[in-house]
Amino acid sequence: MTSTESYAMPVDPKSQPKSGDGPNPVGVHKKLAEIVQRAGEFQDQIQIALTQAQKPKVRDQGLELDLEAENSSNPLDLKGSGGDHRALDGRDIDVCIRVRPLLPPEMARGFFPTTFVTRNCSVLSLEPRVDVRGAPRVKAHDYDVDFAFGPDHSNQHVYDHVTRPLIERGLKGGVCTLLAYGQTGSGKTFTIEGILRKLGRDLLQSSRAPPWLTAEMNESVLKLHMAFYEILGHRATDLMQETRPDITIMEDKFGQMIVKEASEVQLISGDQFEAVVDRAMSHRRTKTTFKNDTSSRSHAVCAIRVENTAMPAAEHGRIFVIDLAGSESASDSQFHDRSLIKETQMINASLMALKECIRNRALSALNPDKFYHIPYRNSKLTLLLKDALEVESHRQCKTVVMACVSPSCGDVAMTLNTLRYVAPIRVGQSNREKIPPNPKNPANWSNSELRHWVETTSKGSVNPDILCPFESGRQILRLSEIDFLTRVLESNPKMGEKRAKVFYVSLWKKLIDCRTAIRKQKLKAKPQRSGFEPYDLGEELAKQAAEQTDEQMKQENERRFNELRTFHIRS
Ligand code: ADP
Ligand code: MG
């Protein structure tokens, strides 16, 4: 596996920004230059902030500095939680932070570290500023997460604490996802490559078989299949092949996510695993950007399918390890050409879609009675992760978001952006009970429930041993109509095609009736909006609106709407 070692700033005079283009990078750099020049003056402030942050209940003591407790309103704030990592179980989504070391080119430019791991599950980011009187000040932002890893923590340490408990679920038939998120150059690829290297050895080198890989899950029972995709915007390609052909990520008729035309290899050894990962990573699209000379411009998805041969009726386990494309600020993209800017927009849009899905899922967990739309169809990445994002997912799911950040004072704004991106994800971590699967829905039936239905509905004329020898309801519904009818006729040739078809339709009708009922129930729970929403009322109007009845409000809105329309027609 090759890891990106260099960190050079490409300077292309042709692509230098013209004055007036976008944000004002010159102003930003001027301020940064002043901060770097006065680095020594900030050190005392940083030390004080660090000492105070390391004390328990730091926020209750009141800092002299401008300390901002970012997530003090978080209901699950870990105030005074001591210094231990949180256990990675019981919740569906965990947030980790990894602060990489300061890199030699950053040191050479005089940058100093301003983001630190204070306790094992807290990160302190200090924003250096020069106040109006010219005095150096630091604004502190304190974030609590489930795991925080500092510059001294190795990939092995990260793997042991985060990935190992996560993939155990995948091996047992669940869906587990590890996402590395962060600014370009923050260490995402470094982390993912390190984790994949260890994962391959753990899973496939029987001489080093981990103790948690118990007898019933050993390699004679489990078959592992690996695929590698690259996703950029609405396009997904197969990284297993050098030509990177397009693949299709879509839902099948049961809402199950499928990836069409993607190649898969069966994994047999740790070395083979590593070779496959190396090859796939080398096919990844990278471009030189301001932040990283091999910036990854797409999401790379390593998808491992776990087939349990002892239980053919069971859904296959899924392990997704995803190196997300780097998020970029406006100043990072100041030297981009048109195509690179378009790519950046696509990357940021899909990262926003991911955030929207995770956030709404978290909010839905917090307020189970409310309806929250999880827009996983908005991007190919979120569609691929449908099982992990859906609230009603009937599978065991676990997602870990690993936010990678740079410690450098030059990157503090983007570090804060990353921390702000991941902070709301932790909101919905109350132990919400899973919605029990609807027993009337044939997609939730076990083999014995399906057999019972076949026997009673066909009044014994269809033999379940032939129609569904081991399949679950979902598996039998996935059969094509022809296969289904063939099996029915094989079991009872006298039945005739017409009756066999009626039997097939009756199973499908059950599924559709259940889906319709669920949708109706949710829409009922969804807060109803009147067709006439007051559009941006000022304070005065808002007060008036509060005193109006629904009917008055509707009339008022209609009047305003007509006024506005008349105005538009006239102008
Ligand atoms: P990204 O994928 O987020 O754009 P990279 O993983 O390519 O960033 O990392 C950028 C640079 O930082 C690389 O040179 C990499 O070797 C180095 N790096 C990142 N994280 C670490 C770490 N934890 N320890 C040492 N070097 C690191
Ligand atoms: Mg990368």
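Of the 571 residues in the protein chain, 48% are buried, meaning under 20% relative accessible area with a 1.4 Å probe and protein chains only, where over 50% is exposed and in between is partly exposed. This is a predicted model, in which local features need pLDDT of at least 70, side-chain atom pairs count only at pLDDT 80 or more, and totals for chains, interfaces and linings use all residues. Residues are numbered from 1 along each chain as its sequence is written, and side-chain values use heavy atoms, with hydrogens and water left out.

The chain has 17 helices and 17 strands, taken from DSSP runs (H or I of at least four residues for helices, E of at least two for strands) and numbered from the N terminus. Counting contacts (heavy atoms within 4.5 Å) with a separation of 6 or more, 72% come from residues 24 or more positions apart.

On the inside, the largest nonpolar core holds 49 residues, with Ile 97, Phe 320 and Val 422 having the most contacts inside it. Such a core is a set of buried Ala, Val, Leu, Ile, Met, Phe, Trp, Tyr and Cys residues joined through side-chain atoms within 4.5 Å. Apart from it lies another core, of 39 residues, including Phe 228 and Met 240. Phe 320 itself, leaving aside neighbours within four places in sequence, touches Val 175, Met 257 and Leu 385, among others.

As for the helices, H2 covers residues 39-54, and its buried residues include Phe 42, Ile 46 and Leu 50. Over in helix H4 (residues 155-171) sits Arg 164, which is partly exposed at 22% relative accessible area.

Key. Chains lettered and ligands numbered in written order. Expected span 1.5 Å × (residues − 1).
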